[in-house]
Amino acid sequence: MLNIVLFGPPGAGKGTQAIKLKEEYNLVHLSTGDLLREEIKQETNLGLEAQAYMTKGELVPDEVVIGMIASKLEQNKTVNGFIFDGFPRTTEQAEALDNLLSSHNSSITKMLSLEVDDEELVARIVQRGKDSGREDDKNESVIFNRIITYNKKTSPLKAYYDHQAKYHIVDGIGSMDEVFERLKDKIQN
Ligand code: AMP
């Protein structure tokens, strides 16, 4: 199996690139952000609980997102692999993912980290807010909180995957196709 963690701060381009990678390598795309937004749309209890965190730019509790990923892995047992987008975001989630995959006799192949500077991130998120209407992309203090949360809780995962010799840096500045070529290059080499 080819299991890729597509990593990076909010606005780095993970969602866009994940869709392209899913098509290129015939993978199942698992975005916890998309799954949570779907729960909110369906007005489920899980969605209502998650929304309180998301509107503030904070992380939804680990057990909630880990549970969602566990059931998706259970539903997709005979696939080529997965592209994890926006998950894991904490050390606890990364450990849980390793354990879940190992119970399916699998593991993460590579973690690809899209690097984009903070100034460019904010500009991209503000633009996305205008295009998609995502609530958490519209408020500047929520955007900053998401970037601070990423730096504090999520970026330590670079060291986590580096210890497993799976951490690869990819320059996230450039056209969609340029970044896609860089990602494919890291996957293949
Ligand atoms: P995203 O679409 O990945 O930018 O996620 C949007 C929001 O959903 C985040 O700001 C978090 O509030 C929540 N979220 C998404 N994925 C996770 C995760 N793996 N762990 C905790 N919260 C998450």
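Analyst: A backbone N or O atom of Gly86 lies 2.9 Å from a nitrogen atom of the ligand. The model is predicted.

User: Which residues come nearest to the ligand?

Analyst: The ligand has 16 residues around it, and those that come nearest are Thr32, Arg37, Glu58, Gly86 and Arg89. To read such a site, one asks which atoms form the pairs; a polar contact is a pair of N or O atoms within 3.5 Å. Thr32 places a polar side-chain atom 2.8 Å from a nitrogen atom of the ligand. For Arg89, a polar side-chain atom lies 2.9 Å from a ligand nitrogen atom.

User: Is Thr154 buried or exposed?

Analyst: Burial is read from the relative accessible area, and buried means under 20%. Thr154 has a value of 4%, so it is buried. This residue lies in helix α7 (residues 140-154). Its side chain reaches the backbone oxygen of Arg89 at 2.8 Å. Leaving aside residues up to four places away in sequence, Thr154 touches Phe7, Pro88, Arg89 and Thr149.

User: Which residues of α2 and α4 meet?

Analyst: From α2, Thr32, Leu35 and Leu36 meet Val65, Met68, Ile69 and Lys72 of α4. By class, this contact holds five nonpolar residues, one polar and one charged.

Key
Residues are numbered from 1 along each chain as its sequence is written. This is a predicted model: local features need pLDDT of at least 70, side-chain atom pairs count only at pLDDT 80 or more; totals for chains, interfaces and linings use all residues. Side-chain values use heavy atoms; hydrogens and water are left out. Contact means heavy atoms within 4.5 Å. Helices (H or I, at least four residues) and strands (E, at least two) are DSSP runs, numbered from the N terminus. Ala, Val, Leu, Ile, Met, Phe, Trp, Tyr, Cys and Pro count as nonpolar, Asp, Glu, Lys and Arg as charged, and the others, Gly among them, as polar. Buried means under 20% relative accessible area, exposed over 50%, partly exposed in between (1.4 Å probe, protein chains only). A polar contact is a pair of N or O atoms within 3.5 Å; within protein, one must be able to donate a hydrogen and the other to accept it, and residues adjacent in sequence count only if both atoms are side-chain atoms. A residue is near a molecule or strand if one of its heavy atoms lies within 4 Å of it.
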